[in-house]
Amino acid sequence: MTQEKKKIDHAPMVYFNVQGSDLVIDNRTMSQIACIAGQTPFYVYDRRVILDKIRLFRAHIPKRIHLHYAMKANPHPALVSFVAEHVEGLDIASQGELPVALATKTHPEDISFAGPGKTEREIKAAIAAGIILNIESLTELDRALRIGTELGLSPQLAVRVNPDFELKSSGMKMGGGPKQFGIDAEIVPQVIKQIAASNATFVGLHIFSGSQNLKPEAIIDAHNKTFALAERLVKESGCSLQKLNIGGGFGIPYFPGESHLDLQPIGENLERLIQQYDAVFSKTELIIELGRYLVGECGLYVSSIVDKKVSRDHTFLITDGGLHHHLSNSGNFGQVIRKNYPVVIANRMGATTTENVSVVGPLCTPLDILADKMTLPVAEIGDLIAVYQSGAYGKSASPARFLSHPDVVELFL
Ligand SMILES: *Cc1c(COP(=O)(O)O)cnc(C)c1O
């Protein structure tokens, strides 16, 4: 008996068009876009895709929930300004992201700052700017209260909670158990009381439990537990919330066998939670913060084939781009087993003569892989390799200095 091996494919990449044999953005082929960039490699971000993702969010998630953009996913200033026009707030993760956030139309009270190990300088910057500081430790609380007094300003403080649960099936867990993020839920009521009795303003809670999740039931479970925990903390502290940030964690499909996240059941459950907890949170601004889900699919990373060689029957396409620009595509940014992102030859879309190849970068390390043993159209030197799903954790998450190759260019179209 022969068993047919089922081929597992990437989810259909629905956000970019093809004209003839060319992958296009707004009727421009990738080689035209390479002319605009002035070089390969480049990242190109398509604003229309971001709008589609925001529309999808609005179509399924209740209006009561405000949407924030987590800037660390992609801090490119033009992109951040554009996203800021279409969401209710921004979340930053360092002082370096603050000027970009302040340059947008977002009001300081809709900008929040999360992340462990905030320095005196960072806390000073946040208080002076009037943004919300998400307090992640008792040391940070002491620093914020003291710096507020020194500056003669009332710090706007939210407490980031390290919940007593985890986001199941999450790409990266960021809550539950011992963590460097947030203050353990057990001591949060006492911290809230301390803030309420100080010169600072207690703004609310931030409960972020994980990232890159594609399972609606896991996200629903985390939302149920988040609302229950927030209610408990309100009751135990006796303080109401101006804002409750319930985190995010919505994922996008990267690897074969993954599919797009279905927001409908998540939205229906949130509607139910809003009703159920109306007595506690009717005056609270409810927030979901997303990075990757909003911008991950808008970006392509495009490089040129510099060499094509065969080594012991295996064909290698060697490009001018690699892990120094796109670490996460190489599999070295939190993956346990390396899997291929969706990769195409941007000027040979739909070609039927194919070969099995590995696409590699120019760095002297076997880690520099763009696509390993993938079936692609037969390609030539000078062809363009495009990596989909490259709008988040790309340039800013990569070791640009490693091997001293030229910098990547970013285009926002
Ligand atoms: C990184 C981060 C995010 C964004 O995560 P995505 O997976 O990109 O949506 C949101 N909130 C906090 C606190 C983060 O640290």
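Visitor: What is the handedness of the crossing of helix 5 and helix 6?

Guide: The crossing of helix 5 and helix 6 is right-handed. A crossing is right-handed if the near helix is turned clockwise from the far one by less than a right angle, and left-handed if anticlockwise. Helices here are DSSP runs of H or I with at least four residues, strands are E runs of at least two, and both are numbered from the N terminus. Keep in mind that this is a predicted model, where local features need pLDDT of at least 70, side-chain atom pairs count only at pLDDT 80 or more, and totals for chains, interfaces and linings use all residues. Residues are numbered from 1 along each chain as its sequence is written, and side-chain values use heavy atoms, with hydrogens and water left out.

Visitor: At what angle do helix 5 and helix 6 pack, and how far apart are their axes?

Guide: Two packed helices are described by the angle between their axes and the distance between the axes. Axes are lines fitted to C-alpha atoms, for helices over the stretch in contact, and angles run from 0 to 180 degrees between N-to-C directions. Helix 5 and helix 6 pack at about 55°, with axes 10 Å apart. So helix 5 is oblique to helix 6. Under 35 degrees counts as roughly parallel, over 145 as roughly antiparallel, 65 to 115 as roughly perpendicular, and the rest as oblique.

Visitor: Which residues of helix 5 and helix 6 meet?

Guide: Contact means heavy atoms within 4.5 Å. From helix 5 come Glu120, Ile123, Lys124, Ile127 and Ala128. They meet Glu140, Arg143, Ala144, Arg146, Ile147, Gly148 and Leu151 of helix 6. By class, this contact of helix 5 with helix 6 has six nonpolar, one polar and five charged residues. Ala, Val, Leu, Ile, Met, Phe, Trp, Tyr, Cys and Pro count as nonpolar; Asp, Glu, Lys and Arg as charged; the others, Gly among them, as polar.

Visitor: Which residues of helix 5 are buried?

Guide: Buried means under 20% relative accessible area, exposed over 50%, and partly exposed in between (1.4 Å probe, protein chains only). In helix 5 (residues 120-129), the buried residues are Glu122, Ile123, Ala125, Ala126 and Ile127. They pack against helix 4 (98-102), strand 7 (111-113), strand 8 (132-135) and helix 6 (138-151). After helix 5 comes Gly130, with a positive phi near 80°.

Visitor: Where is Gln212, and what is its phi?

Guide: Gln212 sits in the loop between strand 13 (210-211) and helix 8. Its phi is positive, about 45°, although Gln212 is not a glycine. Gln212 has 14% relative accessibility, so it counts as buried. Now take Lys373, in strand 20 (residues 369-377). Phi of Lys373 is also positive, near 45°, and Lys373 is not a glycine. Lys373 counts as exposed because its relative accessibility is 55%.

Visitor: Is the peptide bond from Thr40 to Pro41 cis or trans?

Guide: That bond is cis, with omega near -5°. Pro41 lies in the loop between helix 1 (30-37) and strand 4 (42-45).

Visitor: How many disulfides are there?

Guide: A disulfide is a pair of cysteine sulfur atoms within 2.5 Å. By this rule, the count is zero. Cys35 is exposed, at 64% relative accessibility, and Cys239 is buried, at 15%.

Visitor: What does Ala158 touch?

Guide: Leave out residues up to four places away in sequence, and Ala158 touches Ile132, Leu133, Asn134, Ile135 and Gly204. Ala158 belongs to strand 9 (residues 156-162). Its relative accessible area is 5%, so Ala158 is buried.
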